[in-house]
Every structure is written in structure tokens, then in C-alpha cells.
Amino acid sequence: MKGRTIKRRIVKRRSILAALAALTLAGAAPAYSQAAKPDKIVIAAYGGIWADSVRKNFIPCFEQKTGVKVEVITGESADWLARIRANPTNPPIHVVALAEADSLRAAKEGLLEQATVQKLPNLADIPDQFHKPWNDYSVAQNIGGFGVIYNKSVIKDPPATWREFIDNVAAGKYGKRVSLPSGTYTWGPEFIWLVSQQYDGNVDTAFAKLKEASQNSVVKFWTTPVEALNLFGTKEVDAMVYWDGRAISFIDKGNDWAGFYLPGPKTIAGLAMLSKVKNAPDVSWDYINCALAPENQLKHAQTILYAVPNQKVVYPQDVKDKLAPVEKIVIPPYDQIFDQFGGWIERWNKEIR
Amino acid sequence: MDVTASADGRIASGSRTEREFPIGLVLGLAPIVLVVAVFFVGPLIVNALESLKTPAGPKGLQQYGRIFGDVYYLMVIGQTLLFGIVVTAICAVVGYPMGYAVARSGRQVKALLILIVVAPLLVNVVVRSFGWMVILGGAGAVNAGLRAIGLPKAELMYNWTGVTIAMVHVLLPFMILSVASTIETLDERLEEAARVLGASSRRVFREITLPLSMEGVVTGAILVFTLTIGSFVTVLLLGKNATMVLPVLIYQQLTVASDWPFAAAMGVTLLGLVSGLLWAQAALRGALGKARR
Amino acid sequence: MRHLHPALWAYVALLSLFLLAPIIVVIVAGFTAGDFIMFPPSGFSLKWFEKVLRDPDFIRPLWNSLRLGVAATLVSTLLAVPAAIALIRGALPGRRAIETFLLAPLTVPTIILAVGLLFFAARIGLTSSFAALLAGHVVITVPYMLRTVLGVYAGMNREVEEAAQVLGARPWQVTWLVTLPEIRPGVIAGAIFSFLMSFDEVAVALLLTNSDTTTLPVSILSYLVYNYDPAVAAISTIQIAIVVVALVLLERLFGVKNLMFASR
């Protein structure tokens, strides 16, 4: 009697295991091939609202023009760089959105293709500062600016300049309720450069100030923008250096207790670059062209609330008020400082504790 | 526990089994060794080769020189290992009673307890970290409670305390289930016999249950230790720059600094240290086991 | 029902609270009407669940993760169980070395393995994303399986095996009818670990997935780079629900008695 029950159980278990095995093997994804005119291209985009904007504002233009489908892969600059480094002859991503430093690295390693006005007509409408520093291997598709988001009821009179702000933070004027970007964040080295610019370019002073800030004011140096907004939104901090687009969309969602501004005289840009990967299908240029077209750029700006580089774009007034004006933006001189980034990161680890 | 010892005099356990099927041994071990050799050693070789690259061009051990020649990195290695040991010790002490309870409870309670025990593993590590921020943060639940009863604010975030709490939390399931499954397989007649012969419950536990379940504690400890020193997300989000551990450095070097040779060297170093420790641990237990006889 | 000391039960209750705390926070946060993961949540709303269930960027990765987890666990089990048995019975001279070798993947931070595997797979021409992912996940989960089963088998009293041998059972019969049922608690515990490790694994998936094979942790992480809302809490709650249902089903089918008790 018991034997039969055991046998039945064993059979039941085996069939379930077999079903599971079949189900999992059925999911094995086939490798896709790289035909001359591909049926699809793969582009990289940040997740959430960015991917939404890309799908809504860039992809329809491309699909209509070429009939080629687009696959979006989300993630971050570092993983996209890793993937194209691993597979240079048959890259899994065709259009990448690398950060500025990673774009320089990728170009140096011969992983990207240089843009020309023939391949990329809309390049003509993009100001030089948004592609010349990368020797036309990468073009900016949107521009973010670092600013200060703060609790209006706690900080009544935020300082107008970066220097004043940093001096205040170093001295502990706002209590231990501040957050700044970490030197080890993707744009951390650029932030260090920005601080040094307030002190005549002296990097040692910058580190000294940041060290004081760490002791007197900073609850946590944020390493991802989401961590940052969580810190601010849950009111752990009263003042924080943060990106304009994300800050403004946060305030827009009904959080009018928060304010945001760009301290003077200028602030640094955070760019999302677009590059065509070498050995990717040529039709990828058409995608980048769509992304840089004025009408699509405007829609992109309206969706993600970041400024866009195409100088033909005319913003409606309500949007214009929210975006960083191009005159206030400065692009760090990557060719001069890029090699120092590694050293700065090491220094950050050792000195800012 | 060595194979030949368990029989205490009778048939050397298992000897007849493998004389009759040495082929079974090979078949049993071959597939796993093959898979690990190809898909683990292969990537490791890639990493080791990467770690020999230098900015100047010729291959060399320069990256390792950067690590071992700098007090800062040696300190980080030390912090990483110490962190692993502390988390492991806490998990062993905190988790053992729970493992015992899981093993010895009745069917329905056991099912419920297993669900509770694996709960920490059900949520993605980043989301879980946000959950901890909400609980441990300055404006979080714990501090709200402390404020309500008039106690001062506890600094539980962005330091070793918060990181340790979160790490212990997610690794307890490994310890608890290891201990539980070992205690499960213990022959309860041994305990009954001891009790019948007059030993108190405490003595039974101390001299029979505990020693025999040590294997489970060791398994749990190995899992917890290796997972602790390999993890970076929790430390990154819940710690600060002073709470630096090697995996966080590796992550940094792979992303913002993009110095892959350096990261690879650190990875190889970590692997070497832990393998060495595991080997030492196994040898020690083997030696202790032999000495006991 | 066994009688356990009341102090032990008090301890179990307290520890359970600790184990569940952040999970409860996340689940509750998914129901918030506000825009943050906070506790207590501001208002009640199902809007995040709606958003997530309608979003293919969350739902497809959820299925991918489940499939990958089951596949990795199955393969790991098939590899680890015979190996554990062979290692314990075989009394090989190099046993410790082999064991250390097979457990070594535990010691490498998955991020190093991920980068290495990315390049290695490209070099050997392994283009299938799923295959590379599976290989990576098997390498990561098989040590858990092995260590757990080894621990249980090594600590087990082997008299029953000897008895069966003496009574004339062939070696494979001993294995199939005596050893396997006896070590089942270890296999099940190892399988649970393996599945959960694969399900939560980030580094390898981050580098080896493509848009077809994206797993849930990757899509959550990508979402969290720039989006801060409780949608991730909602999808995490769904993830929890699925795994809990699976574990409950497992208990119904196999019975916890058989999961955790060696059959007697």
C-alpha cells in the first residue's frame, strides 16, 4: 500500500521536474545575426522615464524612415562600455549613450565611429562644445546641470554662488543635513573639478573643503541619483547638490516645499552622449539623426525636463523656465583633466572618510 | 567527518561500495569539474591576464604592487576580512537557536518558519537596502520609536552598524537553513538514549546535539563568510567611504575609474585570500578530527 | 509536535520580526499613494501595481528570472549531488583539493566573474545570451548546492547504507533508495538557496543579458538609476508573492515532512 503511494508521488514529482526542464529550455533565446540590412538595431538608454522618452520621441521617427525595428537595452554607461569592449567585431549594442569620460575611453580604444555631417546631417545644428571635445566620436543628446535642491522652509536664503555654498557646507552652517555627490559617482570627478574651479583651480583646496564638509555637514555622499532623491525626499537632508531635470520634476510633482537653483557663476554639464559603435549597421546613423532632429529634441526635453543641444530648438516659455540655460553651463576640459580622474578617485577614497 | 572513521571498527564504510564502482566516482565528479573548469577557470584566466596589464605596455605585476605596496589597500583588505568574520560570528550565534527551532518544530510551524527564514532573500538587494534606510535612517522608524520614548537618536546608518545589521539580515537564512538541515538528519535516538540514561536536557544538548550539528554551523559559516566579503551593493548604499571593503573598490574601478587591470588584480587578490582561508579551515578540521582519535 | 522551551519560542518570534522588517516595509510601500518608499506610507493606492503590471519592462524580466532560476537550480542539482556522493564515499587522496576547487566560485565577487565571463564567452564564440547567463548562474549556485549536500551527507549516520549493503543491495540501489532520500533535506535546502541566489543575482546578469533575456534585478536596477518611485516596491511585492506561492506549492506537493525530514 505504502509502496504504491510512494510510486505515485515519485511519478508526480518526476513529471513536474520534466515539465520544469522543458519550460526552461524552451526559453533559450536564439542568437541574432548581423545581416547587411538588419531587421533591428539595439540602442542603449537609461531606464524608466528615459526609455519612455526614447520610445515615444526618437524611435517612431527612425522606424518610419527606415523600416528597421529598435530594441532598447537599459542599464548604465559602465555596463554598456563593458559589453562593447568584450565584443568589438560584433557589438551587441549599436548606439550607446555613454557618459563623457567613458565616451573618451571608448573612442581611444577604437570602439566608436566618427560622425560627419554627411552621415549625420543634424550634426550641423549642434554647437561645437557638444561634440568637438570628443572629436565627433560622440554627440550630446541632452544636457543636465548640477544645482542645489533645498528645503525652502529650513534654508531661507540660499547662497548665490558655488563658492559661498561650499564654504558654508564646509563650515557646517546647515548642520549635518547636507548631501553632495560622491567623488566615486559617475560624474564625481567632474564635481571635484567644479569645486576646484571655485578656488582658482586648486584641487588640494577642493579636497580640503570636501573633507571639512564630510566632517561637519554631509550625512552621506550620494552614489546614485535615486539614493540622493530618497535622502532629500524623506527629509534626511535639507540641502543637496543634484541634477536639474530630476530636481525640477520632483518639485513639479507637488513638492513645493522644495526649491532648486543653479549657483553662479557657472555650473558643469552632465551630458548623455550618443555614439555609433564601430561595426554596427550603418543604418544606426539614421537613429542618431532622429534623436538630434529639432522636433524630436524638443519633445525629449519636454519629457525628461533636461535641456537639449540642437540650437534650432525653440522652447515654449513654461518649459524654458525649467531648463538650464546654455550660457550657465560649462563643459569641463576633459582633454586636460581626464587623466587625473583615477588619481582623484584614489585620493577621494583615502581622504574623505 | 572522515569516511573511514564512522564505522568504528566494523566494515570500513564505503570501501566495498567504491571497489565495485570506481567508475561511478568518476561519472559523479566529471560533469561538475568540467563545468567549473570551463566557465569559472576560463573567466578567471581572462581576469588574471587582465591584471597583468600595465599602463606602460609590458606585462607585469605592477597592479599587485599598487595593492600590496600601499597601506590604504592593505587596510581595506583587513577591514573586508574582519567584516566577514564579525558577520559570520553574529550569524552563527544568532542563527543557531532558530535553526534548532526550525528543525525540531512540527510540520505546519516548520513550513511557516522556513518561509519567514527565506524572507530576506525574496527582495532585490537594492530595494531591500532602501527598506533598511527607511527603518534605520535618521528620520526612520527606529529613531521615531526612540524619540517617542525620549531616548536620543541612534546613528544606525552610513556606518558599520547599519551595514552589519543589513548584512546579517540577508545572510541569516543561509546559516539557519544549514544548521536546520543538519539537525534534521541527526538520529534522535541518540538524544533519547542519553536522556533515558539520566542526562539533563542541557547536557544532552551540550554534549550530543551541539557537537553533531557543528557540520551545519561550518557550512553556514563558509557560505556567510564568502558572501559577506564578496558583496558590495549593501555596503555601497548603507555605508560610507570609511566603511570601505574590497568589492566596493573593485566596483569603483570597473565603473567610474574604468581601470580594469587594477580591478582584476584586486579580484584575484580577494580570490586568493579566501581560497587560502577555506583551505586552511578544511585542513584544520581534518587535523583536529585526526587528533581526536 | 515536540515541546520546545518557551524561551526558544520567544526568541523565534523576535528573530522573525527582524527577518521580516524590511520586507514588510517594502511591501507596504508599494501600496503608497505618494512617490517615495517611506514608512508609514502616505495614503493607500494601487497605482504602482497597475503601472508595473502593465509595463513589459518589468513583467517580461520577471518571467525570465523565474525561468533562469529554475534552470540554474536544476542543472546545479544534477551536477552537485552525484559529486557530493562521490566525494564522501570515494575517500580520494585529493579530496580536499577537489572540494576547495569546486567551492572556489563562492569566493570570487560576482562582479569579477561577470566581467571575466563576458570576455570569455565572446572569445569562445558563445553568442546565446541565455546559455552564457545559465553558465554563469550555474557556476555561482553549484557551490551552494555542493556545500549544503556535502555538509548533510558528511554529518549523516551511514549505518543504514551499510545495512542495505550487507543485505545485498547493489551500490546504485543503495544510492537511489537509501542515500538520496536521506540527504534530501540538504538537497532541498541547497535548491532553495540556489534558486534565490540566481533570482537575486545582479552582476552577471547586468553584463550578459540582452533585451530578450533581461532579468528582474537588472530591470529594477536600470529603473533605479534615474527613477525613484515605489514602482520597484510594487514589482518586488509581486516577486515575493510568486516565490511564496511556489514555496507553498512545494510544501503541498512534497510535504515539509519530506522536505526537511530524512525519510524514516
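In this predicted model, 94 residues of chain C are in contact with 91 residues of chain B; two residues are in contact if their C-beta atoms, placed from the backbone, lie within 7 Å. Helix 1 of chain C gives the most to the side of chain C that touches chain B, namely 13 residues. Helices here are DSSP runs (H or I, at least four residues), numbered from the N terminus.

Residues are numbered from 1 along each chain as its sequence is written, and chains are lettered from A in the order in which they are written. Because the model is predicted, local features need pLDDT of at least 70 and side-chain atom pairs count only at pLDDT 80 or more, while totals for chains, interfaces and linings use all residues.

Ala, Val, Leu, Ile, Met, Phe, Trp, Tyr, Cys and Pro count as nonpolar, Asp, Glu, Lys and Arg as charged, and the others, Gly among them, as polar.

| Helix 6 of chain B with helix 1 of chain C | 8 residues | 1 residue | 1 residue |

The axes of helix 6 of chain B and helix 1 of chain C come within 8 Å and cross at roughly 100°. Axes are lines fitted to C-alpha atoms, for helices over the stretch in contact, and angles run from 0 to 180 degrees between N-to-C directions. The two helices, helix 6 of chain B and helix 1 of chain C, are therefore roughly perpendicular (65 to 115 degrees). On helix 6 of chain B, Val127(B), Arg128(B), Gly131(B), Trp132(B), Val134(B) and Ile135(B) meet Ala21(C), Pro22(C), Val25(C) and Val26(C) of helix 1 of chain C.

The contact between chains A and B takes 23 residues from chain A and 20 residues from chain B. On the chain B side, helix 6 (125–136), helix 11 (233–238) and helix 12 each supply at least two residues.

The predictor gives the complex an ipTM of 0.83 and a pTM of 0.84. Chain C has a mean pLDDT of 84, with 94% of its residues at 70 or more; pLDDT is the predictor's confidence in each residue, from 0 to 100. Among the elements of chain C, helix 1 (residues 6–29) has the highest mean pLDDT (92) and helix 12 (residues 256–260) the lowest (51). Over residues 260–264 of chain C, pLDDT stays under 50. Where pLDDT is low, the predicted coordinates should not be read in detail.

Note on methods
Parallel < 35°, antiparallel > 145°, perpendicular 65-115°, else oblique.
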